[in-house]
Amino acid sequence: MLLKFVVIYLAVLNVVAFVAYGIDKYKAKHNRWRISEATLLLMAIAGGSVGALLGMRAFRHKTQKQKFTITIPLVLVLQIAALLYLTTI
């Protein structure tokens, strides 16, 4: 039951993160109100790092900001390491 919840949580969060990067890119191009960088990073840290990284690449968004180009892949590696650790205990 817990595993099913975690899988659904991660799937939804990654889709939301991916879409958020697309929306923010659209808003940036059209001079509209933006999604804060803190919110975009928090989505990745909360488990949406795959969606965030794919959103960065697909929409070519935040790819010039070191805060994102370093943090998002680092978070993904740490999350993978944590997952591997948790599955072996």
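In this predicted model, residues 24 or more positions apart account for 67% of the contacts (heavy atoms within 4.5 Å) that have a separation of 6 or more in the protein. Local features need pLDDT of at least 70, side-chain atom pairs count only at pLDDT 80 or more, and totals for chains, interfaces and linings use all residues. Residues are numbered from 1 along each chain as its sequence is written, and side-chain values use heavy atoms, with hydrogens and water left out.

The protein has three helices and zero strands, where helices (H or I, at least four residues) and strands (E, at least two) are DSSP runs numbered from the N terminus. Along the sequence this reads as α-α-α. The C-alpha atoms fill a box of roughly 50 × 25 × 20 Å along the principal axes.

Two of the helices can be checked against their expected span, which is 1.5 Å times one less than the number of residues. Helix α3 (residues 66-88) has 23 residues that should span 33 Å, and its end C-alpha atoms are 33 Å apart, which agrees. Just after α2, R60 takes a positive phi of about 50 degrees.

Buried residues (under 20% relative accessible area, 1.4 Å probe, protein chains only) make up 31% of the 89 residues. In α3 they are F68, I72, V75 and L76, and their cover includes α1 (2-29) and α2.

Key. Buried means under 20% relative accessible area, exposed over 50%, partly exposed in between (1.4 Å probe, protein chains only).
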